[in-house]
Amino acid sequence: MKIATWNVNSIKVRLDHVLEWMDRHQPSVLCLQELKCETARFPVEAFLEAGYEPLVAGQKAYNGVALLGRTTGKDVTVGIPGFEDVQQRAIAATFEGVRVMSLYCPNGESLTSEKYAYKLKWFEALQHYLSDTLKTHERLVVAGDFNVAPEDRDIHDPKAWQGEVLCSDAERAAFSALLDLGLKDSFRLFEQLEAQYSWWHYRVNAFKRNMGLRIDHVLTSQAMASACVACSIDREPRAKERPSDHAPVMAEFSGLSSPSS
DNA sequence: ATGTCTCCTAAGAGGAGA
């Protein structure tokens with residue numbers, strides 16, 4: 001079973017990239033973020049033709065998340081239960097006995113912004129949600145754009161970024177609190193090359209100079225971490241013409257017994 | 001390096017968000 005995440009920065013603009021990537025890599029589930037597309041306008045047919053069933057929580061212009069499954073996702077949950085939010089940032093469903101979540105965590109803008117306060121509140125609500133989810137789902141995969149670079153090695157220039165949004169102490173503590181629930185950062189389960197990032201600014205030739213941050217993650221419950229055999233970031237789509245500013249991240253799982261009932 | 005990309009409103013650029 002392969003579970004991937006990709007912030008596509010507009011599904012309309014990136015549809016061809018996404019279809020091509022899915023054809024090549026055959027994920028069991030692809031979690032998408034930043035659809036920038038109303039649910040009713042999501043290109044459902046194109047994915048059905050490609051053999052994937054879309055579950056979509058979209059809105060006009062901003063945000064928006066989706067799950068694209070080879071199989072039908074069950075028990076769909078949109079948003080964070082109990083957390084009122086007009087911004088579409090979370091969707092979850094169960095595929096082949098595995099609970100999969102696609103998250104677009106708030107960016108925060110800057111440490112003094114109201115959006116930053118919202119980001120921290122959102123993470124607090126997420127922590128409670130994941131805590132509850134783990135009680136009922138031993139097999140959980142939480143994938144998405146977390147907008148947090150967890151450690152200095154996840155930043156091309158840690159000194160330049162120190163204390164900035166995406167890597168401030170409070171944001172890292174919020175991310176760390178998710179790991180404290182028992183979730184694992186699947187990328188770090190394996191030996192990786194240095195300077196591996198999932199996002200590069202569109203400006204200043206950031207991708208070519210590998211001036212990036214690792215802010216897109218696949219978190220796994222203990223049971224899924226035990227079955228995880230690989231996790232990698234695919235830089236290839238970021239090198240294409242008219243790319244998303246993010247690269248897809250994919251984790252592979254093996255040896256999972258078939259789900260009970 | 002107020003740089004780039006995508007969206008919106010609204011009828012031509014400019015602002016929001018990242």
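Q: What percentage of the 261 residues of chain A count as buried?
A: The model is a predicted one. A residue counts as buried if 20 or more other C-beta atoms lie within 10 Å of its own. Of the 261 residues of chain A, the share that counts as buried is 44%.

Q: How many helices and strands does the secondary structure of chain A come to, and what is the radius of gyration of chain A?
A: Chain A has six helices and 14 strands. For 261 residues the globule rule gives 18 Å, and the value for chain A is close to that, so the chain is as compact as a globular protein of that length. The radius of gyration of chain A is 17 Å.

Q: Among contacts in chain A between residues at least 6 apart in sequence, what percentage join residues at least 24 apart?
A: Two residues are in contact if their C-beta atoms lie within 7 Å. Among the contacts in chain A that join residues at least 6 apart in sequence, the share with residues at least 24 apart is 68%.

Q: Where does H1 bend?
A: Helix H1 covers residues 11–25 and spans only 18 Å between its end C-alpha atoms, whereas a straight helix of 15 residues would span 21 Å. H1 has a bend of about 35°, and the residue at the bend is His-17.

Q: Which strand do the buried residues of H1 pack against?
A: The buried residues in H1 are Ile-11, Arg-14, His-17, Val-18, Trp-21 and Met-22. Their packing partner is the strand at 29–33, S2.

Q: Which residue just after H1 takes a positive phi?
A: The phi in question is about 50°. The residue with this positive phi, just after H1, is Gln-26.

Notes
Residues are numbered from 1 along each chain as its sequence is written. Chains are lettered from A and ligands numbered from 1 in the order in which they are written. This is a predicted model: local features need pLDDT of at least 70, side-chain atom pairs count only at pLDDT 80 or more; totals for chains, interfaces and linings use all residues. Helices (H or I, at least four residues) and strands (E, at least two) are DSSP runs, numbered from the N terminus. The expected span of a helix is 1.5 Å times one less than its number of residues. The bend at a residue is the angle between axes fitted to the seven residues ending there and the seven starting there. A residue is buried if 20 or more other C-beta atoms lie within 10 Å of its own, exposed if 12 or fewer, and partly exposed in between; C-beta atoms are placed from the backbone. The radius of gyration is taken over C-alpha atoms; the globule rule is 2.2 Å times the number of residues to the power 0.38.
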